[in-house]
Number of protein chains: 4
Amino acid sequence: MSESAMLSAAQLQRVVDANPYGCWLQLRVHAVTNSGIELRVPGRPEFIGTQALQRLHGGVITSLIDVACGYAVLAATGQAVSTVSLHTDFHRAASLGELHIEGRVLHQGGRICTAEAFIRDDVGTLLASGRCTIHKSREIHPALAPQP
Amino acid sequence: MSESAMLSAAQLQRVVDANPYGCWLQLRVHAVTNSGIELRVPGRPEFIGTQALQRLHGGVITSLIDVACGYAVLAATGQAVSTVSLHTDFHRAASLGELHIEGRVLHQGGRICTAEAFIRDDVGTLLASGRCTIHKSREIHPALAPQP
Amino acid sequence: MSESAMLSAAQLQRVVDANPYGCWLQLRVHAVTNSGIELRVPGRPEFIGTQALQRLHGGVITSLIDVACGYAVLAATGQAVSTVSLHTDFHRAASLGELHIEGRVLHQGGRICTAEAFIRDDVGTLLASGRCTIHKSREIHPALAPQP
Amino acid sequence: MSESAMLSAAQLQRVVDANPYGCWLQLRVHAVTNSGIELRVPGRPEFIGTQALQRLHGGVITSLIDVACGYAVLAATGQAVSTVSLHTDFHRAASLGELHIEGRVLHQGGRICTAEAFIRDDVGTLLASGRCTIHKSREIHPALAPQP
């Protein structure tokens, strides 16, 4: 979508690491390319929704859609972002284990962007997907400021 | 929507307490009535998304929409539920503090239900709202089984 | 939501009548109050999706959600609007006949508003509901300009 | 998604032609492949929402998202479909002119499928996109029955 990503994977990881909920999710930035970002999470016991079935809670899944869409826009533009609305489709019940999360910008407007995200397990099965309307602020994200 | 709720607040709290992610969210069932449910969460430091601004992460907000919609259908029907899709609108930036979450069934079909949820802070300001498509299984939820 | 509606029913009807698709839908403004708007459409044969079953097409239903949300914001604010995103839940198959469409503002932000809409048949059965993210322009809608 | 499309373009065109709203939209089936469908509409004056600006009404756009998602599932499976919920993002104001509409199946479950759609103008600019939750019935669509 964008000609070249504005943030490197290392810069995006610094953004994640300054975000307490992102830390709790144990988000790792696996790749940032011109076509999008890939995040991974290893999974933790608190992600479980249905104890008897050991299935991931939908709230964790929809959190990851939010994160991947917002960071896709941030990585592509370098601008601070906030989510206006979010839509998630849950395709399959997910078990605890490493998740691969892909985020991509679908459309960049002046202030309003649309991004989409796909969550797969570690063998590539699509578990959930969704999209967010993202508001892009006029300000450059602090992560792009020179490091002292 | 339903003529009378199938679960009491105490029964719904037992369902929540058997759900690791619900425990991590510190969900408390405040009320179950014929018109819906009310949940509360006290807030915890890991809910923060933007450290500098001490704002709640959108992922926590959208998790609460998921939880409130699913439990609204469960409380009304007594049937095990899973979320098919979710839509959240983020209205205002939210600060750390007690959240009041209302869930209501909008429509009950044979297997597919629609529920909506509203998240307010402790002075009643609307922070976010949304709706979910919920699949209702044919099975009664174990929480309704007689307790030994 | 708003303290008082900015447009009267007659003013909103003039807006509708200047909108070719709204005319084709045969939209009639039934009421504009401080809590929202009510539109009605009589139904026309081209609304049918499934010929054999004489059921309304989902595209007509989702068009009415769009219209009702946008006009709810316009009526409440007097400002020109455009839809950013739309979500529709289809609750029941709908037959050809008069539809009652309710639109309400859920939240008014600086530029971004959320509105919801409910479509019922002429005996009050809920057929569909949904919500839109609406962008409110800085400009007053021409319908509020003095009529020469 | 599907290994091979179940309907040919000619069969899908017959389905469209038996659908009064689809006829009114002047839907033409341009292609059906294993990866999805492409529809085209030439545009008609009643599609206009804002007379002064000659812009397409959002209701027409969201109708086309519904149509493309439903027919993508129908073409892939041969089964009769109905839309459970729909989400549309409006990316750019659209002018009257030929529209190219792409529909793709994202996930096929037992009864519940997710499909996505993209609407472009005749030079390929993305105007809108969206996704639908589609219920797939157990019955083969009549269009697949042998023609007498």
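What follows is a short chat about a predicted model.

Colleague: What should I know before I look at the numbering?

Modeller: Residues count from 1 along each chain as its sequence is written, while chains are lettered from A and ligands numbered from 1 in the order in which they are written. It's a predicted model, where local features need pLDDT of at least 70, side-chain atom pairs count only at pLDDT 80 or more, and totals for chains, interfaces and linings use all residues.

Colleague: OK, how does chain A superpose on chain B?

Modeller: By a rotation of 180 degrees with 0.0 Å of shift along the axis, at RMSD 0.0 Å. That's how a two-fold axis relates them.

Colleague: Which residue of chain A comes closest to the rotation axis?

Modeller: A:His87, with its C-alpha at 2.2 Å. The same surface serves both copies, too: 100% of the contact residues of chain A recur in chain B (contact means C-beta atoms, placed from the backbone, within 7 Å).

Colleague: New topic: where does A:Gln26 lie?

Modeller: In the loop between helix H2 (20-24) and strand S1 (28-33) of chain A. Helices (H or I, at least four residues) and strands (E, at least two) are DSSP runs, numbered from the N terminus. A:Gln26 isn't a glycine, yet its phi is positive, near 60 degrees.

Colleague: Why does A:Gln26 count as partly exposed?

Modeller: Because it has 13 C-beta neighbours inside 10 Å. With C-beta atoms placed from the backbone, 20 or more others within 10 Å means buried, 12 or fewer exposed, and in between partly exposed.

Colleague: And what's the phi of C:Gln54?

Modeller: About 55 degrees, positive although C:Gln54 is not a glycine. C:Gln54 sits in the loop between strand S3 (48-50) and strand S4 (55-56) of chain C.

Technical notes: Copies are superposed by least squares on the C-alpha atoms of residues with pLDDT of at least 70 in both. Two residues are in contact if their C-beta atoms, placed from the backbone, lie within 7 Å.
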